[in-house]
Amino acid sequence: MNDLSRRRVLGAAGGLAGATALGLLDLTPAAAAVPGATAGPVPKPTNWRGTRSANGWKILDAAAAHPIEGSGRSVQLAEGDAATLLLHVARRFHYEIDELRVGDVTGHSTTRRIRLPHESNYLSGTAISIRRDAYPLGVGGGLYPHEQVVVRDILAELDGVVAWGGDLATPHESHFELALGPTHPKVRNVARKLREWRDTPGEGAGTIDAFAPERLATVASFRARGAS
């Protein structure tokens, strides 16, 4: 955990209380138990056929490596808006949850053997996996409460353009994907906002406090709309 993450965890008690009051977290004893509750059997792999992934993006034969600013790591992703959106997720994980290490983040894949449709999105370079060995398919409860707050804040900030595998019927908590197709206006608009932040000092990843009351309220409103 980096210094920024430590500071935020130490100061998060009030934020967690606020998140619980807003219904963002369930801190009953069962939910607060040590992470790693198995959710059930994982389907056997099958071959994904077709020219597009489950989210509607074109499958790529190759994808360029993009640096994750501030981390010294990189990940292969589709160019343009897709990379802008998913790199923002990775940067916020690095700054607010834990620093990224070698091999922590994977993106584009050419392997068509998948277990569930969402895994096809790696074929189009429109999904990333952060610590896939730590948060494997079929296992829920891998993130601690303060980490859940950050993830929920990211999803709300991106206005439903990015979805988290922890919300799938068969959880996959390492997985983040573009939830909308390439022509959806939200994809373009949210990516443009992120690029503006990137070019503006004091904005974007590394400057955000997910535990601020106004951000917790925004997340609660986002989830109430059913956009998570």
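The structure is a predicted model, in which local features need pLDDT of at least 70, side-chain atom pairs count only at pLDDT 80 or more, and totals for chains, interfaces and linings use all residues. Residues are numbered from 1 along each chain as its sequence is written, and side-chain values use heavy atoms, with hydrogens and water left out.

Helices (H or I, at least four residues) and strands (E, at least two) are DSSP runs, numbered from the N terminus. Axes are lines fitted to C-alpha atoms, for helices over the stretch in contact, and angles run from 0 to 180 degrees between N-to-C directions.

The axes of helix 3 (residues 81–96) and helix 5 (residues 185–198) cross at roughly 60° and come within 9 Å. The two helices, helix 3 and helix 5, are therefore oblique to each other (angles under 35 degrees count as roughly parallel, over 145 as roughly antiparallel, 65 to 115 as roughly perpendicular and the rest as oblique). Contact (heavy atoms within 4.5 Å) involves Asp 81, Thr 84, Leu 85 and His 88 of helix 3, and Val 187, Arg 188, Val 190, Ala 191, Leu 194, Arg 195 and Trp 197 of helix 5.

Helix 3 and helix 4 (residues 145–157) have axes that come within 11 Å and cross at roughly 150°; helix 3 and helix 4 are therefore roughly antiparallel. Here His 88, Val 89, Arg 92 and Glu 96 of helix 3 meet Val 150, Asp 153, Ile 154 and Glu 157 of helix 4.

His 66 belongs to strand 3 (residues 65–68). At 12% relative accessibility, His 66 is buried (under 20% relative accessible area, with exposed over 50% and partly exposed in between; 1.4 Å probe, protein chains only). A polar atom of the His 66 side chain lies 3.3 Å from the backbone oxygen of Leu 77.

Definitions and conventions. A polar contact is a pair of N or O atoms within 3.5 Å; within protein, one must be able to donate a hydrogen and the other to accept it, and residues adjacent in sequence count only if both atoms are side-chain atoms.
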